[in-house]
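User: I'd like to learn how to read a structure like this one. Could you walk me through it feature by feature?

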Amino acid sequence: MANEKILETVKDAVAVASALVESAKTEVLWILPSAVLGLGAQFGLNEMAKKLIEKGGRVRGIVDHAGSRVDLVPEHLNNGEEVRLLDPYQGTFMLVADSRESISAMTVSADQLALDDPIVVFWTDNKVYAEFLSSTFEAAWNRAVEAKTLL
Amino acid sequence: MAASEDFVRHLISFGLTEKEAVLYTHLLKYGPKTPSPLAKSLHTYREDIHRTLTALIDKGMVRPSLDSPTMYAAVDLDSALDSAMKQHESELREMEARKRQLQELSAQERFRPSDEVKTFKIIKSVKELVGIAGPLASATEDEILIISPEGVIAVASLFGITDEVKNFIARGGTFKMLTNVAYSGIEFIEEALAIGEQVRHLPGYQGIYFAVVDRRICLHGINIDIKHLSLSQPIAMLYTDDPTYAAYLIATFDLLWQQGMPAEERLVELQAQGPPQA
């Protein structure tokens, strides 16, 4: 039976996201507002993604082009991540590891960056839910533009 | 011989063991006997015969004599079968009593087996969605929460879901909806308010669609292309009755509801502004 939990602070969400990327073996998909990229860099998620790619894994990400921290995208590209930009993105933000474990949220804003800020994030290892998020990711991926081209 | 075997088979199907059926048939056929000749005739041990006789006496199908040595006689068939049936009836009554006790204990323990079975299903076409949404609206008891892009409201009206919602509100249900109320959607919002829906405006909110029915059933779609919606169009929408997922969507809804503006106020604002300039 699949497990699931609601995460209620930015701190918990970052901790779980970190565990997801660190434990991933083949693939990580993410859609995040650009403001959140700073948190990822601060808590070592970029390094973890780099290690996964060095072991042969694939990391694809979509970031809101209209966001305030698009300047952080090159670091992801330098890691070997494939990044695309969408302007604007109005769907669910997500991180999916190995088509199984995921976290997702609909109410992430640029202001919610303090670790103790309240947030509503859903974590699960349900494969059907991961499939649902992945199909959503692929639809957004097809509409998005290569970051390399735009930056 | 064949008739005897048939008779034994019927006794077994009536609830006797094979040994009981054979022994009872033997006593019926050859008359009262002591255990020793019975053991010899049936090619078994006396202890085995004693055990089987005791079971048949308990069932009221064999009667022991009072003299010595004890003779065992088969009770006539009708009386024996009546007696066996009474025993089954007695067992049935005991089972009924135990069933009631278990039901009472289960209620005290508050077992909730239905919560253990959760469905996560991906809906892949508008046709499939309409097939689920209509019956769901008519089966709803208490509450529907919806976050929806403006275009979905027009689709709901088109496929008759608005009528189902109207009936639901008339039955005393609560319907809350968050959407981007734009000038082009005034007609649909007025229709929604007229049937008793509670609507709030979220500026520019377009990407996400979800509905939570009775705090349990969830429909969640992301980035549905409303402009090209047709029955055959592929979509990716999640259906689930998972309570944790419902709690996640409800918490998200509550957060956004607090940020929303009542649709009545938004309509006044839009009518004051007039149609958007080309």
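User: Let's start with helix packing. At what angle do the axes of helix α2 and helix α4 of chain B cross?

Analyst: Keep in mind that this is a predicted model. To read a helix pair, look at how closely the axes approach and at what angle they cross. Here the axes of α2 (residues 18-30) and α4 (residues 46-58) of chain B come within 10 Å, crossing at roughly 85 degrees. Angles of 65 to 115 degrees count as roughly perpendicular, so that is the word for α2(B) and α4(B).

User: Which residues make that contact?

Analyst: From α2(B), look for B:K19, B:E20, B:L23 and B:Y24; from α4(B), pick out B:T52, B:A55 and B:L56. Sorted by class, the contact of α2(B) with α4(B) has four nonpolar residues, one polar and two charged.

User: Okay, on to chain A. How many helices and strands does chain A have?

Analyst: Chain A has six helices and eight strands.

User: Can you show me one strand pair? How many bridges join β5 to β6 in chain A?

Analyst: Five bridges link β5 (residues 93-97) with β6 (residues 101-105) of chain A, and these two strands run antiparallel.

User: What about the chain as a whole? What share of chain A counts as buried?

Analyst: Of its 151 residues, 44% count as buried in chain A. For sequence separation, take the contacts in chain A between residues at least 6 apart: 76% of these join residues at least 24 apart.

User: Last one: how do I read the interface, and which element of chain A gives the most to the side touching chain B?

Analyst: Count residues on each side, then see which elements they come from. Here 18 residues of chain A are in contact with 19 of chain B. The elements of chain A giving two or more residues to its side are β1, β7 (118-124) and α5 (127-143). α5(A) gives the most, with eight residues. By class, the chain A side divides into nine nonpolar, seven polar and two charged residues.

Key:
Residues numbered from 1 in each chain as written. Chains lettered and ligands numbered in written order. Predicted model: local features only at pLDDT ≥ 70, side-chain atom pairs only at ≥ 80, totals over all residues. Axes fitted to C-alpha atoms, helices over the stretch in contact; angles between N-to-C directions. Helix = DSSP H or I, 4+ residues; strand = E, 2+ residues; numbered from the N terminus. Parallel < 35°, antiparallel > 145°, perpendicular 65-115°, else oblique. Contact = placed C-beta atoms within 7 Å. Nonpolar A, V, L, I, M, F, W, Y, C, P; charged D, E, K, R; others polar. Pairing = 2+ DSSP bridges. Buried ≥ 20, exposed ≤ 12 C-beta atoms within 10 Å, placed from the backbone.
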